Amino acid sequence: MKKTIIKLSVFLAVFIVSLIAAGRIMNQGHDNLTMELAEATYPIVTMERNGIAYNQLHGYREAMETAFQRDTVTVLNESRSTDFTVDTYGRNITGISIEVRSTDGKRLIEDTPVTDYQTDGERIYGTISLKDLIEKDTEYSLAVVLEVDKDTQLRYYTRAVWSDSSYVDEKLAFVTDFHERLYDRTAAEELTKYLETDSSLEDNSSFHKVNIHSSFRQITWGDLPVEEVGEPVVSLKEIASQTASILINYMVCTSGEEETVYYQVEEYYRVRYTTDRMYLLDYERTMTQIPDVQNMYANNKILLGITDENVPMVESGDGNVVVFLAANQLFSYNVTNNKLTVIFSFYDEHNRDARTLYGEHSIKILDVDEGGNAAFAVYGYMNRGRHEGQVGIQIYNYDNSLNTIEELIYMPYQNSYAVLAAEMERLLYLSRDQKLYLSLDNIVYEINLEEKTYSQLVHISQDDSMQVSENHKIIVWMEGEDFYHGSRLYIKNLGNGTESEIAAEAGDAILPLGFMGEDVIYGIARREDVTEESSGSVFFPMYCVRICNSQGELLMEYAQDNIYVTGCVVRDNQITLDRVTRLENGAYETAAQDQIMNNVETEQGKNVVVAADIDIYERYVQIQTRNTIDSSTIQILTPKEMVFEGGRELALPSEQETARYYVYGPYGVEGIYSLPSRAVSLAYDMAGVVVDNSGSTVWFRGNRVTRNQIMAITEESVTEERGSLAVCLDTMLEYEGIIRNAEYLLSQGQTALDILQENLPDAQILDLTGCSLDAVLYYVNQDIPVLAMLENGEAVLITGFNEYNVVIMEPSTGRLYQNGMNDTTQWLSENGNRFITYMRVE
């Protein structure tokens, strides 16, 4: 009996020791397969001008597409130089040089070592001087190249302009002074003359967004006891002789009895300089609370604080797991096991400096399952980790059971985050069978994450030839270059892979218009009614608008006698239709808009975003969870990253086959279009800039002189052989030194666009139909005439302007005359604002 007991004891002891040893071996192996996200290692370069630090530049490990590196612009002084500093963060800088290129990157102008610098601890101070190979008031691409440890080159990009007429010192000084005064209400009283306070435009209910229309009290932080933390980062985004656009990024905190709360803040200024005074054309401040995981829950609420109420959030089917974004950090809360996980963030309590707080990246939640696992994308500039200093798209999977994240695929991108963000806003979707769909350079790609392969699904030929549902799950498109005469639509449900088609009846053309939820909106026109005007633009009057589901099954039809729809806008649960009626003579007349309502209510999740007004904090955002959060037992987790052998990189093609126009606003690219008219219209509304594929400026608001006239263009008259359009085209060509017979070319079926495109090879022809007169005067300001087409078939040239009048060359009357600005604006608007002009290409 004793021997049996002894044997059992020995067996149990050996078994227990074996379990412990095995566990240690397994855990040791597991530790070897995971790691913390590697810390940021790159230095930072900052430009300086007369004691003001601005344009903080972050390093790239590879040469980027120069045309799209336009995040900042650095103004060189009279000697073509600028001061700079390098924060090395302990890295060994073994050499500094510069590369100066044309904005498209094709022409290398200068490649020179920088020798004028001194090192002081972890900071380098120096001066960059460019050779006399550049022209004044012309933008160039400037790359500062740091050699690190003799074997690594890092590139830091900015635009550079040599100018003595931009008044950049005055503009920077005004903006920094404005910013500093906001913390002292007495000192800030001087700022009231710059504000345009209007309670009808701004309700002053939230510190998350304040602007030039906010109250003085709101602008100066109300009763919120904020203190600035660290030095603000000033970025000069755009500069012209009169105007400038400037961003300031910084951090503030509020301190209470129990905790200190930190906020990221961004201020946008648009200013105009005159010899009399400075004008504040626009001001906007965005304040976002940085979550503190130790203090972000109470009762049944996750506390997000002062932030946007539109919280990106996805929950599992049963509502037990909610994944959400807050201040560019990805979180998960599991209701069943009371776990709060910081799934992904470039910054944390141990990594919070200018490198990790750099916000040129986005995170998107792609999928959440009932097991608490989540798929997500990180795209843009990679602040730290294995892809530090690259721009790309990273697809991750979070494994809830192992508490790890794993990179599934990485796709490098050679353009900028600003462009990439606009592309991903258009389409980025992951199906449950691990197929990723995204849009880049007018191509929709289907990517197999398991096999690391891709195929092209759709080629987008026109701006509206593909429409995407708001949740990115359903797409509808047309194929072929004859966009306005298409007879078939293709619908694909990316979630389950099903496809369907909608065919127009014989003699009809079909056009996708958008989505209401996951239902497709499309219009049908008679082919005989679709007309191409002499300007080259297309008129597409739809006699019927239909709504169908993703299987192509008809749900609703809108049609009225002698009413034609020319476009639609979808907002919330309402479709607003732009309409015309046809007169007896065949012409069309604008009719009142009409609306189609969607009565289907959006299903609310089990965890919802709520906002409450809380004393000095005003609007306070929270996530109301389905159960009460037990603060005494809650677990806070931070996953490690899985380490794997081999590469998971997939390079997608980057060739652009068609011209594209990029609209840059205060915070990046706000739109990408194939039609310049749409780009210019958007840029005009937001006081932005339009740039083409080569990085050349197509349109810019804010640099127009008070008067200008093209004196080389004088009055011309129609003859029996030449109509007014031919006269205008001949005049434009002759102005550029080219003699043609436009009347003959028109008689051969060519349009005005065709003629200008064929005969001005060194110019980019721009159809700006739909833009305002005020917008197209930008080109007259550049000494470029603008052709305006009238509904009666006549044409005129706009050749000059002043504060009150527009100069018009009118061949039908043989006059060159001034007409009132307001009268001309109304006249051309009534004629459809059909403009054609061009920009010279070097």
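Where does His-213 lie in this predicted model?

View 1. His-213 sits in the loop that runs between β12 (209–211) and α4 (216–219). With a relative accessible area of 21%, this residue is partly exposed, because buried means under 20%. The side chain of His-213 comes to 2.9 Å from the backbone oxygen of Glu-196. Beyond its neighbours within four places in sequence, His-213 contacts Glu-196, Thr-197, Asp-198, Leu-201 and Glu-202. Glu-284 is 71 residues away from His-213 in sequence, and the C-alpha atoms of the two are 9.2 Å apart.

**View 2. Thr-74 in strand β4.** Strand β4 spans residues 73–76 and contains Thr-74. The relative accessibility of Thr-74 is 0%, so the residue counts as buried. A polar contact of 3.1 Å links the side chains of Thr-74 and Asn-55. Apart from neighbours within four places in sequence, the residues in contact with Thr-74 include Met-47, Tyr-54, Asn-55 and Thr-82. Thr-158, Arg-159, Ala-160 and Val-161 are also in contact with Thr-74.

**View 3. Leu-787 and the nonpolar cores.** In soluble globular proteins, nonpolar side chains tend to be buried together. The largest nonpolar core here has 171 residues, and Leu-438 and Leu-787 touch the most other members. Residues up to four places away in sequence aside, Leu-787 touches Leu-725, Cys-728, Leu-729, Met-732, Ala-752, Ala-795, Val-796, Leu-797, Arg-834, Phe-835 and Ile-836.

Definitions and conventions
Residues numbered from 1 in each chain as written. Predicted model: local features only at pLDDT ≥ 70, side-chain atom pairs only at ≥ 80, totals over all residues. Heavy atoms only, no water. Helix = DSSP H or I, 4+ residues; strand = E, 2+ residues; numbered from the N terminus. Buried < 20%, exposed > 50% of the residue type's maximum accessible area, 1.4 Å probe, protein only. Polar contact = N/O pair within 3.5 Å; in protein donor to acceptor, adjacent residues only side chain to side chain. Contact = heavy atoms within 4.5 Å. Core = buried A, V, L, I, M, F, W, Y, C linked by side-chain atoms within 4.5 Å.
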